[in-house]
Amino acid sequence: MKQKYMLPLTGVFLLFVLAYAGVEGAGMQWFFGIVVPYAAVLAFLAGFVYRVMGWASSAVPFRIPTTCGQQKSLPWIKQNRIDNPDTTAGVFVRMVLEITLFRSLFRNTKAAFNRNEKSRLTYSWEIFLWLGALAFHYAFLAVLLRHLRFFLNPVPAFVKVLEYFDGIIQLGLPIVMISGVLLLAAALFLLARRIFDEKVSYISLAADYFPLFLIIGIAVTGIFMRYFTKVDILGVKTFTMGLVTFHPVIPEGVGGLFYAHVFMVSILFAYIPVSKLMHMGGVFLSPTRNMANNTRIKRHINPWNYDVDIHTYEQYEDHFRDKMIDAGLPVDKKE
Amino acid sequence: MSDELKPDELLDKVDHTPASGSWMDTTVQIRPGIFSYAAKPDSLETLGAPNPRQWNPLDDDWQLPENWQEIIHNGIKERLEKFRTFKIFMDVCVRCGACADKCHFFLGTGDPLNMPVLRAELLRSVYRNDFTTAGKILAKIPGGQKLGGGRPMTVDVLKQWWYYFFQCTECRRCSVFCPYGIDTAEITIMGRELLNLLGLNIDWIATPVSNCYQTGNHLGIQPHAFKDMLDFFTEDIEEITGVNVAPQFNVKGADILFITPSGDVFADPGTYTCQGYMILFKYLKDKYDLNVTWSTYASEGGNFGFFTSHETMKRLNAKMYAEAKRLGVKWILGGECGHMWRVINQYMDTMNGPADFLEEPVNPITGTKFENAKSTKMVHITEFTADLIKHGKLELDKSRNSNRIMTFHDSCNPARGMGLLEEPRYCIKSVCDNFFEMPENTIREQTFCCGSGAGLNAGENIELRMAGALPRANAVKYVHDKFDVNTLGTICAIDRAALSTLCEYWVPEVEVYGVHELVGNALILPGEKKRTTDLRMEPLPGMEDEDE
């Protein structure tokens, strides 16, 4: 079991060492700072588009939403318009809630069984996976948006507002950004779940640990640079602005830790299209959530619908005519 | 059934802690009591299904076609293009584990491969190996397969597929909780389609399919016998009510064609539900001159083709519209059945429509337009009856059901593939005084399967069925202990059979009733005599001492 997470852990550690040593020892700033990030962004964009196009090119033959509430029915029966939508507006609300608030996961329960005279199966609300996932994704988003500071000049107002709120608990200097700490904490929680929850551990693959370790590595290096090694921010900004303006430069005074951070981010970007991290795109296209339950109201067209052989009434009557006549059942042909 | 596990023995075995090690390293142990018998060659031949032969799942050699791996590979490829669901569900699972303890088979058997996520991983592991870029690259590195979670398609994997895709009742409960809406039913459907390409169906599905194709219904009841069965019910009802409710068959120009699962015609206690329909139609005929016809050709509402392949589903379902067209009815009314209604609600119009030869359904008695069925033109009988009751069109004597302390089992498909939740409840509450809901995590969209759906209602897999029934039974027992519930209402023919076995095993004090059996008991037919018994010929409340 252990190799499922020891291998990815080792892998991420090696990636870190590779970049750190490559910069500090071999002076390969140009490779880890310029070649790899450009290649990674290209791989991410091309791969992401390719995957989404691949999904989009598959047909949607049937309208099969999972209904989670009362259908549209008789006028006096109250429909659940969100969990069993019959209109695009309802589907839209359902999708927004799904994507922004992880509504389905919010329902999560935990089953327990006690073998005693009652031998009862019980179900309790299980909120921690939902909380952990939500914290993880929103912290990640906030961190990502905050990093726009490095890629845009002047820094857009919304990034400054976000930073203001992110640092609203003013702890020391530099101000502690909640999102970074939360991202690390949530990722560690999700990792702990994968290792210590027996069921989740059993279903986990090495490919489930790898991105977690990678993101933890990214968060840790980021936090280190910000609070402990105090990376040269001006140098970093010169570097990042060089990348986005396609005039890459390698600044003086920015060390291996930074390049290791950039390298791991690059690996993450390139990894997304070939992994389960594509769920960020897939969730929009999931036919059990993004379709209205209105197939009886409006005919859905299957693009590859084809004719099939059926056992016709004529064949049926030919087969059973005598018996039908004897039983007094009406027939189309008398003989 | 003598070597069957006792309930206590089964409960002793429940353990939700997975073994150590990796599931990918396990080889499948096909166990009697869990698996269903293999499809007989005759049944496969009826529809020209591939590879008909006599085979036994316990044998080493499953007599597969020589190029079976190629067939599977091409089968997966074709389905990835034809079904976006399949492609997305193969790609986006993050293995968060939310689904793990939502499956009744996992809760009842504790077999970790019954966690929905792993049921899907059985297929996904092969998909990753053969169809994804990452998988193809990793497969070339030593140990890489394991890193990416891929594995090659082998006979062992195929046997695992067969064993576990026939341990899923396609109930969709896991799909409710999945943050991406991954629907294990859809994955099982694909898995079974692929297995069918190699002739690997189970007999409890293949033979009903064959029967349905040839004779019009799963049980293979021939037209005259079908009529005999209903004549027999007519006699019983006349004895109870004094009214002759004889139904009409294959009548051209009737107002409505009625189609219900053949289980209602053949298997107790569904037969009583069937009698309920007959009483209702007689009432509507006498009071409002509504003409309802039955069909011996389209004498099956259920569709075991749905458990075989999309094509088979379409071939069996086609009879409904074909018969409605031939008879020239206005619209179709459908009886109480679970998967039948998933097919009608989400597939029928797309597969076999448009039904432009039918009228948009209107209840001629109340004037209600069934807006939600205006394209498919098929109405659920509880929608129809609820509308009649709401408009005060039925004369009901609730007291005849006053000895029934009810709870209601939402059938998986009407709940999660349709959302038919309030209509049956309204009908029940209109004809019964005592109604108690089971705990909220076990009803409505969170309802637990009977454990025997999707073609698994066989005899030889009884251990699996009773284990899968545990979560449902547990909730029934809860309301039985707390509120003295003695009756489990349902709107599904498979439920009527399966829940009866479930109750007998887990909660023997509770009986299973179809909703229209209760309606039939309460409905006061014009000119009926004083009833002393219910449709089961048991004394009505307060009539226990009455002389015959």
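Predicted model: local features only at pLDDT ≥ 70, side-chain atom pairs only at ≥ 80, totals over all residues.
Q: Which peptide bond is cis with omega near 0°?
A: Look at the loop between helix H14 (263-266) and helix H15 (270-288) of chain B, where B:Pro269 is found. The cis bond with omega near 0° runs from B:Asp268 to B:Pro269.

Q: What is the strand order in the open sheet of five strands in chain B?
A: The pairing in this sheet is parallel. E1 (248-249) and E5 stand at the edges, each with a single partner strand. The order is E1-E3-E2-E4-E5.

Q: Why is one side of E1 and of E5 in chain B left without a neighbour in the sheet?
A: In the order of the five strands, E1 and E5 of chain B are the two ends. One side of each is left without a neighbour because each stands at an edge with a single partner strand.

Q: At what angle does H16(B) run to E2(B)?
A: H16(B) spans residues 310-327. This helix lies across strand E2 (256-259), strand E3 (292-294) and E4 of chain B. Its angle to E2(B) is about 150°.

Q: Which element gives the largest share of the side of chain B that touches chain A?
A: In the contact between the chains, 99 residues of chain B meet 84 residues of chain A. Eight residues form the largest share on the chain B side, and they come from helix H16.

Q: How many nonpolar, polar and charged residues are on the side of chain B that touches chain A?
A: This side holds 99 residues of chain B. By class, the numbers are 42 nonpolar, 29 polar and 28 charged.

Q: Which element gives the largest share of the side of domain 1 of chain B that touches domain 2?
A: Chain B is divided into domain 1 (7-30 + 50-200) and domain 2 (209-522). Their contact takes 19 residues from domain 1 and 25 residues from domain 2. Helices H1 (7-13), H5 (104-109), H10 (173-177) and H11 (184-197) of chain B each give two or more residues to the domain 1 side. The largest share, five residues, comes from H5(B).

Q: What separation lies between the centres of domain 1 and domain 2 of chain B?
A: The two domains touch, with 19 residues of domain 1 in the contact. Taken over C-alpha atoms, their centres are separated by 32 Å.

Q: In E9(B), what is the bridge partner of B:Leu488?
A: E8(B) pairs in the parallel sense with strand E9 (residues 511-514) of chain B over four bridges. B:Leu488 is also the bridge partner of B:Thr407, and three bridges join E6(B) to E8(B). In E9(B), the partner of B:Leu488 is B:Val512.

Q: Through which helix does the chain cross from E8(B) to E9(B)?
A: E8(B) and E9(B) run parallel. The β-α-β crossover between them is right-handed, and its helix is H23 (residues 493-506) of chain B.

Q: How many of the ten residues of H20(B) are buried?
A: The buried residues of H20(B) include B:Tyr426, B:Cys427 and B:Ile428. They pack against several elements of chain B, among them strand E6 (405-408), strand E8 (487-490) and helix H24 (515-522). Helix H20 (residues 422-431) is mostly covered, and its buried residues number eight.

Q: Is B:Arg95 buried or exposed?
A: B:Arg95 lies in the loop between helix H4 (84-91) and H5 of chain B. Its phi is near 55°, a positive value in a residue other than glycine. The cut-off for burial is 20 or more other C-beta atoms within 10 Å. B:Arg95 has 22 C-beta neighbours inside 10 Å, so this residue counts as buried.

Q: How many other C-beta atoms lie within 10 Å of B:Ala454?
A: B:Ala454 has its place in the loop between E7 and helix H21 (462-468) of chain B. Its phi is positive, near 55°. B:Ala454 is buried, and the number of other C-beta atoms within 10 Å is 26.

Key: Residues numbered from 1 in each chain as written. Chains lettered and ligands numbered in written order. Contact = placed C-beta atoms within 7 Å. Nonpolar A, V, L, I, M, F, W, Y, C, P; charged D, E, K, R; others polar. Buried ≥ 20, exposed ≤ 12 C-beta atoms within 10 Å, placed from the backbone. Pairing = 2+ DSSP bridges. Axes fitted to C-alpha atoms, helices over the stretch in contact; angles between N-to-C directions. Domains from an automatic or database assignment. Right-handed = clockwise from strand over helix to strand, strands pointing away.
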